[in-house]
Amino acid sequence: MLSSAHRLIRLTITISILVVAAVVVVILWDYYTASPWTRNGQVRVQVANIAPRVSGQILHVNVLDNQPVHHGDVLYEIDPFDFQVAVDAAKARVAERKADMEFKEVQAQWRKAIPGVAVSQEEKKQYVALSQQAAAQYASAQADLRQAEINLDRTKVRSSIDGIVTNLIMRPGDFATAGVVNMHVIDTNSYWIDGYFEETKVHDLDEGDLVRMDLMGYHDPLFGHIESITRGIASNNALVNEQGLPTVDPVYTWVRLAQRIPVRVKIDKVPSDLTLAAGMTATVTVVSETGNRRHRSTQDAFQHFGDDVRHLFGHK
């Protein structure tokens with residue numbers, strides 16, 4: 001009788017330990033695998049690629065690497081000599097065309113005022129046409145002058161945004177080619193964080209969800225909201241070889257690794273003491289409104305545990 005009671009107690013303890021162990025396994029699985037968080041986060045930023053609108057030799061570089069700049073600041077200057085000559089020539093053509101237009105207008109008005117048959121109607125119309133042609137040529141010369149003045153102004157290359165100059169390798173004497181990027185300015189108002197979530201977790205995410213971001217090397221967390229979820233990533237199987245045939249990677253059917261989907265997170269506020277740089281890594285965690293980590297219920301965790309096991313080994 002006593003031996004049976006001892007066996008029952010041992011069995012009860014063993015079953016209790018197994019139940020507790022199973023619950024712990026499921027909770028840990030939910031924490032590390034199923035819940036919406038990832039260590040694979042990265043700070044991103046938009047960069048303005050500055051390119052000159054005209055070509056020429058660079059005379060002056062007015063900024064230093066990593067220097068803050070404002071919209072409209074002159075970053076560097078291109079040799080303006082040729083463009084100043086073009087402006088002067090355009091002004092001369094404008095003066096010439098203006099004089100020609102005024103002369104032909106006077107001629108047309110004079111012939112129009114002559115009464116009778118001294119001047120035929122055909123001749124009057126001819127001089128009116130010449131006057132209109134001279135006016136058009138004058139307008140064209142004015143347009144050429146405006147273009148020449150704009151090109152002269154474009155020899156001073158200005159920043160299009162407020163930001164910080166980065167990776168500056170330009171030096172006076174370099175040749176700037178129109179349309180070719182030769183300077184980069186980081187938009188300091190555009191920082192965001194991309195969290196690369198496993199595809200098994202994306203369905204738990206919604207735009208507007210509160211997110212906590214922990215940067216390496218910075219003790220205080222940042223908070224933000226999910227701004228958008230990427231709807232597509234590159235596929236190696238979509239590539240083709242030189243013969244135009246698809247390149248298909250071998251897939252091991254007994255194990256399948258979840259793809260990583262970029263989720264864009266807007267940073268609500270960047271602390272003033274934080275030196276934020278694109279490329280920094282972060283842990284991205286979806287949290288509740290109280291700032292605590294969001295969990296599934298135990299029932300959902302058990303269900304998701306089974307689904308992930310079947311997904312891992314390729315079972316449908």
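Residues 24 or more positions apart supply 79% of the chain's contacts with a separation of 6 or more, a contact being heavy atoms within 4.5 Å. The model is predicted, so local features need pLDDT of at least 70 and side-chain atom pairs count only at pLDDT 80 or more, while totals for chains, interfaces and linings use all residues. Residues are numbered from 1 along each chain as its sequence is written, and side-chain values use heavy atoms, with hydrogens and water left out.

The chain holds 5 helices and 14 strands; these are DSSP runs numbered from the N terminus, with helices (H or I) of at least four residues and strands (E) of at least two. Of its 316 residues, 29% count as buried, where buried means under 20% relative accessible area, exposed over 50%, and partly exposed in between (1.4 Å probe, protein chains only). The accessible surface comes to about 20300 Å², with 56% belonging to carbon and sulfur atoms; such areas come from the Shrake-Rupley method with a 1.4 Å probe, and for residues only the protein chains shown count as cover.

Strand S14 (residues 281-286) pairs with strand S1 (residues 37-44) in the antiparallel sense over 4 bridges, pairing requiring at least two DSSP bridges between the strands. In this arrangement Trp-37 stands opposite Thr-285 of S14. Strand S11 (residues 210-215) also pairs with S14 in the antiparallel sense, over 5 bridges, and Val-211 has Val-286 in S14 as its bridge partner.

The largest nonpolar core has 24 residues, of which Ile-193, Met-213 and Leu-215 touch the most other members. A nonpolar core is a set of buried Ala, Val, Leu, Ile, Met, Phe, Trp, Tyr and Cys residues joined through side-chain atoms within 4.5 Å. Strands S10 (192-198), S11, S12 (222-229), S13 (260-267) and S14 each give two or more residues to this core, and S13 gives the most, with 4 residues. Beyond four places in sequence, the residues touched by Met-213 include Ile-193, Phe-223, Val-265, Ile-267 and Val-284. A second, separate core of 18 residues includes Val-54, Phe-83, Ile-161 and Ala-176.

Ser-159 lies in the loop between strand S6 (156-158) and strand S7 (163-166). Ser-159 counts as buried because its relative accessibility is 3%. Leaving aside residues up to four places away in sequence, Ser-159 touches Val-69, His-70, His-71, Gly-72, Asp-73, Leu-75 and Val-185.

Helix H1 (residues 2-34) contains Ile-15, which counts as partly exposed because its relative accessibility is 45%.
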